[in-house]
Amino acid sequence: IEEGEFIAIVGRTGSGKTTLVQHMNALLQPTEGVVDIYGHTLPKKKKQKIGPIRKIVGLVFQFPEYQLFEYTVLKDIMFGPKNYGLNEIEAEEKARIAGNLVGLSEELLQQSPFRISGGQMRRAAIAGILAMEPRVLVLDEPTRGLDPKGSEEIMDLFNKIHEEQNKTIVLVSHDMDIVSKYAKRIIVLNKGKIVFDGKKEDLFLHSNFKDFSLDKPQALKMM
């Protein structure tokens, strides 16, 4: 995966998508083989710390709003930067920048994260990851549980971050409409193996597409 790419990882349930991306910030470590993350290797060496890897690669889980716990939205966004050694003033500055990036107002930053809407909670959780300024964003089903409008807003946000900051995005999704709209390169997994890696246009025209157990985007179905 190269710097600045927008990649989607797709495949049937159980193909290994979530397992794979959890290796990307060392939540899991390989039982065989080696993972290289900007020069940090897994399995880790004896003195190698995991923290720097998790600062480089931000993993947005399904339902990230479940991770909120502080008494204000601002404090919650500040938690990550403070955890990595920034002082209160520096962490607050990073948090406000990230909050602004995801469209959270000053008024909302002062509210309890448990008294705002579900969509705002998800934005707050994403801001907490962005405040750590990761070079790579890994998104595991980021639109799960959102209505179509909410899904589009969240994905437009990630796409804006990708384009304006040249941020590397790795998206795991079952929604082929989202994959076809935003991703430039698609990797298809089947039973833990890569069965396709290339441009989305080539995937949808692939002679073995039916064997990948993927749905076609609505536009292609209509055509």
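Guide: Happy to! Let's begin with a word we'll need: two residues are in contact when they have heavy atoms within 4.5 Å of each other. Keep in mind, too, that this is a predicted model.

Our part is helix H3, which runs over residues 73–83. Which residues of helix H3 are buried? They are Val-73, Leu-74, Asp-76, Ile-77, Met-78, Gly-80 and Pro-81. The cover over these buried residues includes helix H4 (88–101), helix H5 (106–109) and H6.

Let's take H4 from that list. Two packed helices are described by the angle between their axes and the distance between the axes. For H3 and H4, the axes come within 8 Å and cross at roughly 120°. Angles over 145 degrees would count as roughly antiparallel and 65 to 115 as roughly perpendicular, so at this angle H3 is oblique to H4. The crossing of the two is right-handed. On the H3 side, the contact is made by Leu-74, Lys-75, Ile-77, Met-78, Pro-81 and Lys-82. H4 brings Glu-88, Ala-91, Glu-92, Lys-94, Ala-95, Arg-96, Ala-98 and Gly-99 to meet them. Sorted by class, this contact has seven nonpolar, one polar and six charged residues. An α-helix has 3.6 residues a turn, so residues three or four places apart point the same way. Just after H3, you can find Gly-85, which takes a positive phi of about 105°.

Now to H6, another part of the cover over H3. H6 spans residues 118–130, and its axis comes within 12 Å of the axis of helix H7 (residues 148–165). Their axes cross at roughly 20°, and H6 and H7 are therefore roughly parallel to each other. This crossing, too, is right-handed. From H6, Arg-122, Arg-123, Ile-126 and Leu-130 meet Glu-153, Ile-154, Leu-157, Phe-158 and Ile-161 of H7. By class, that contact has six nonpolar, no polar and three charged residues.

One last stop takes us from Arg-122 in H6 to Gly-33, in the loop between helix H1 (17–23) and strand E2 (35–37). Gly-33 and Arg-122 are 89 residues apart in sequence and 35 Å apart in space, C-alpha to C-alpha. Gly-33 counts as exposed because its relative accessibility is 52%. Leaving aside residues up to four places away in sequence, Gly-33 touches Leu-42 and Pro-43.

Conventions:
Residues are numbered from 1 along each chain as its sequence is written. This is a predicted model: local features need pLDDT of at least 70, side-chain atom pairs count only at pLDDT 80 or more; totals for chains, interfaces and linings use all residues. Side-chain values use heavy atoms; hydrogens and water are left out. Axes are lines fitted to C-alpha atoms, for helices over the stretch in contact, and angles run from 0 to 180 degrees between N-to-C directions. Helices (H or I, at least four residues) and strands (E, at least two) are DSSP runs, numbered from the N terminus. Angles under 35 degrees count as roughly parallel, over 145 as roughly antiparallel, 65 to 115 as roughly perpendicular and the rest as oblique. A crossing is left-handed if the near helix is turned anticlockwise from the far one by less than a right angle, and right-handed if clockwise. Ala, Val, Leu, Ile, Met, Phe, Trp, Tyr, Cys and Pro count as nonpolar, Asp, Glu, Lys and Arg as charged, and the others, Gly among them, as polar. Buried means under 20% relative accessible area, exposed over 50%, partly exposed in between (1.4 Å probe, protein chains only).
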